Amino acid sequence: MIPGSIHTVCAETAETDQQLSQTDSHTVAIDPGHQGPNVDMSALEPLGPGSTEMKAKASTGTQGAFTGLEEYQLNLDVSLKLEQELTDRGYIVVLTRRDNDTAISNKERAEYAVEQGAEICVRIHANGADSAASGALTISPSSANPYVASLYEQSNLLSQCVLDSYCQATGFDNRGVTYADNMTGINWSTIPVTILEMGFMTNEHDDLQMSDPDFQDTMVTGIADGIDSYFESVGKDVEN
């Protein structure tokens, strides 16, 4: 996957004490991608509202080529740490799953986030490739998305803020924002949404770094900084 490199100027990350006062109890949904292989998610669901195209409710994800770590476990580990970090910063956090045995489809994840009052949804994933590709990227709906074109601007802003802050914190290569309209979890969303592909589990550097619990704390800090930056940017737009 070769994403485009579209850059949106995000507000600079505030200091920690300022972050606590600026979150104003925003509600954030975190979606740890996939689930364990023991959960059968092969049944089909519509790609988007009113769509006749069907996709499997969820896929199994990838695996660390060097660590053996399953993506569904990595996604959950990082998401649980992110929940704590965001809570410490004053956010209300909604998680779509807390274990690997929850049978929840991509459509249901998007709907659940909205039902719980989330203002944005950050979907946590990791990448895989047949090449030596490395680095992080985010996935956002395009401006021509047939289901959620109205979410393009805010989702793009969220995608760029999260990606830039994440790469700044981790040192991972920034592969930019890519636009995809074939993601069920995006197409059923009614709030700004992004998929963060944290790194390539098929790349030795990325795989070893992402599996390190201490480095995961750094990853989480970067994601949380990006969420802070997004809400700061949105707040400034409202003021102006």
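This is a predicted model: local features need pLDDT of at least 70, side-chain atom pairs count only at pLDDT 80 or more; totals for chains, interfaces and linings use all residues.
Q: How many bridges join β5 to strand β8?
A: Strand β8 covers residues 193-200 and runs parallel to β5. The number of bridges joining β5 to β8 is six.

Q: Which strands stand at the edges of the sheet?
A: Let's walk across the open sheet of six strands, whose order is β4-β1-β5-β8-β6-β7, with mixed pairing. A strand at the edge has a single partner strand, so one of its sides is left without a neighbour in the sheet. The two strands placed like this are β4 (92-95) and β7 (174-179).

Q: What angle does the direction of helix α6 make with that of β8?
A: Helix α6, residues 204-211, packs on the sheet. There α6 touches both β5 and β8. Its direction and that of β8 make an angle of about 110°.

Q: How many of the eight residues of β5 are buried?
A: In a regular strand the side chains alternate between the two faces of the sheet. Here Ile120, Val122, Ile124 and Ala126 point one way from β5, while Cys121, Arg123, His125 and Asn127 point the other way, and all are buried. Strand β5 is therefore largely enclosed by the rest of the structure, and its buried residues number eight of the eight.

Q: On the same side of α3 or on opposite sides: where do its buried residues lie?
A: The buried residues of helix α3 (106-115) are Asn106, Lys107, Arg109, Ala110 and Ala113. They cover an arc of only 165° around the axis, so they lie on the same side.

Q: What covers the buried residues of α3?
A: Strands and a helix both take part in the cover. It includes β1 (27-32), β2 (44-46), β5 (120-127) and α5 (184-187).

Q: Is Asp31 buried or exposed?
A: Asp31 lies in strand β1. A residue counts as buried under 20% relative accessible area. Because its relative accessibility is 1%, Asp31 is buried.

Q: Which side chain does a polar contact of 2.6 Å join to that of Asp31?
A: Beyond its neighbours within four places in sequence, Asp31 is in contact with Thr96, Arg109, Cys121, Val122, Arg123 and Ile124. One of these has a side chain joined to that of Asp31 by the 2.6 Å polar contact: Arg109.

Technical notes
Residues are numbered from 1 along each chain as its sequence is written. Side-chain values use heavy atoms; hydrogens and water are left out. Buried means under 20% relative accessible area, exposed over 50%, partly exposed in between (1.4 Å probe, protein chains only). Helices (H or I, at least four residues) and strands (E, at least two) are DSSP runs, numbered from the N terminus. The arc is that of the directions from the helix axis to the C-beta atoms. Contact means heavy atoms within 4.5 Å. Two strands pair if DSSP finds at least two bridges between them. A polar contact is a pair of N or O atoms within 3.5 Å; within protein, one must be able to donate a hydrogen and the other to accept it, and residues adjacent in sequence count only if both atoms are side-chain atoms. Axes are lines fitted to C-alpha atoms, for helices over the stretch in contact, and angles run from 0 to 180 degrees between N-to-C directions.
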